[in-house]
Amino acid sequence: MMKACQCILLLFSCQILYTRALECEVIPGTLRQIDAGLGLVGGVNNDNEAFLFLGNSFTRINASLKHITVGPAGQFGVSPTNIVFKFLSGIFRQIQGGLKQVDAGSEIVAGVTPIDDIFCFNKDVNSNGPSGIIPWTQITGRLKYYSCGPYSCWGVNSQDNVLLKRNVTSSSCGGSAFWDAVNGSLSMVEVATDGSVYGVDYQGSLMQRVGVNSTNPAGTGWQIIVVCPFGHKHVTFDLGRLWVICVDGSIRRCT
């Protein structure tokens with residue numbers, strides 16, 4: 001009943017503007033999660049094998065990861081046992097911390113733990129080596145997914161509520177003291193390096209938040225995007241290209 005109510009609210013109060021279709025191509029392979037930033041694209045499959053998109057295809061790299069992120073803060077991943085790794089000197093090296101999901105889409109690094117606690121560290125901390133002590137900052141609240149961009153950070157909690165954190169900077173990753181509730185319901189959300197916001201809901205619908213900019217980081221409404229014929233699982237955006245994982249694991253690259 002709650003999910004049905006959420007669906008009704010999504011349709012009538014979330015200011016969905018219109019449905020948009022894109023020109024897409026199928027990329028060989030299957031993935032569970034994908035992330036793009038600064039021209040790099042990485043992903044992981046159901047076997048926790050990690051890949052980077054090199055040339056015209058995904059190439060497996062020597063790492064066992066359940067989540068990977070690439071962006072201005074670097075390349076990071078988390079293992080099936082929630083160990084955090086940073087790509088340094090050609091390999092993923094363990095750093096301090098324990099997360100189930102990590103994001104490097106802005107100048108800070110942020111993520112959530114297996115019990116949905118939220119942590120981040122500032123840009124200056126990112127220069128620490130793998131053996132350095134990292135002063136993670138804990139952010140009040142609980143989220144199952146968290147992603148940051150140039151204007152703000154977005155997250156979703158265990159009830160699929162969408163939340164926005166303002167005033168996040170490279171020297172103050174914790175941002176403002178309060179969360180803004182954003183209308184809508186999502187299972188995951190990603191903020192691109194240009195500030196674009198995309199997400200997927202529990203029904204597999206793909207959404208873009210429209211009207212997002214530096215003066216209005218919350219945007220004005222949701223737009224439905226149709227890429228996969230039977231539903232969507234994960235999404236990321238970079239340099240004008242939308243990368244989508246369909247429910248069957250197939251990969252789409254769209255413009």
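Two strands pair if DSSP finds at least two bridges between them. Strands here are DSSP runs of E with at least two residues, and helices are runs of H or I with at least four, numbered from the N terminus. With that in place, β4 and strand β5 (residues 49-54) run antiparallel and are joined by 3 bridges.

Some housekeeping. This is a predicted model, with residues numbered from 1 along each chain as its sequence is written. Local features need pLDDT of at least 70, side-chain atom pairs count only at pLDDT 80 or more, totals for chains, interfaces and linings use all residues, and side-chain values use heavy atoms, with hydrogens and water left out.

Back to β4. In its pairing with β5, the bridge partner of Gly 43 is Phe 51. The hairpin of these two strands has 4 residues between them, and Asn 48 takes a positive phi near 65 degrees. On β4's pairing with strand β3 (residues 33-37), the sense is antiparallel, over 5 bridges. There, Asp 35 has Gly 42 in β4 as its bridge partner. β3 and β4 also form a hairpin, with 2 residues between them, and Leu 38 in the turn has a positive phi of about 55 degrees.

How much of β4 is buried? Buried means under 20% relative accessible area, exposed over 50%, and partly exposed in between, using a 1.4 Å probe and protein chains only. Strand β4 (residues 40-44) is mostly covered, with 4 of its 5 residues buried.

Next, an open sheet. It has 4 strands in the order β15-β16-β17-β18, with antiparallel pairing. β15 (145-148) and β18 stand at the edges with a single partner strand each, so one side of each has no neighbour in the sheet. From one strand to the next, the twist averages 25 degrees; axes are lines fitted to C-alpha atoms, for helices over the stretch in contact, and angles run from 0 to 180 degrees between N-to-C directions. β15 pairs with strand β16 (residues 153-156) over 4 bridges, in the antiparallel sense. Tyr 145 has Val 156 in β16 as its bridge partner.

The loop between β17 (161-165) and β18 (179-185) holds Ser 176. Ser 176 is buried, at 19% relative accessible area. A polar atom of its side chain lies 3.1 Å from the backbone oxygen of Phe 178. Not counting residues up to four places away in sequence, Ser 176 touches Lys 165, Arg 166 and Asn 167, where contact means heavy atoms within 4.5 Å.

Now the aromatics. Rings of Phe, Tyr and Trp (its six-membered ring) pair if their centres lie within 6.5 Å; planes under 30 degrees apart count as stacked, over 60 as edge-to-face and the rest as tilted. The whole structure has 9 aromatic pairs. For Phe 87 and Phe 92, the ring centres are 5.2 Å apart and the planes at 65 degrees, so this pair is edge-to-face. Phe 87 is partly exposed at 31% relative accessibility, and Phe 92 is buried at 15%.

Trp 154 and Trp 222 have ring centres 6.2 Å apart and planes at 75 degrees, so they are edge-to-face. This pair links distant parts of the chain, with Trp 154 in strand β16 and Trp 222 in strand β22 (residues 221-226), 68 residues apart. Trp 154 is buried at 0% relative accessible area, and Trp 222 is buried at 1%.

Finally, ring pairs link Phe 53, Phe 58 and Trp 243 into a cluster.

Note on methods:
Polar contact = N/O pair within 3.5 Å; in protein donor to acceptor, adjacent residues only side chain to side chain.
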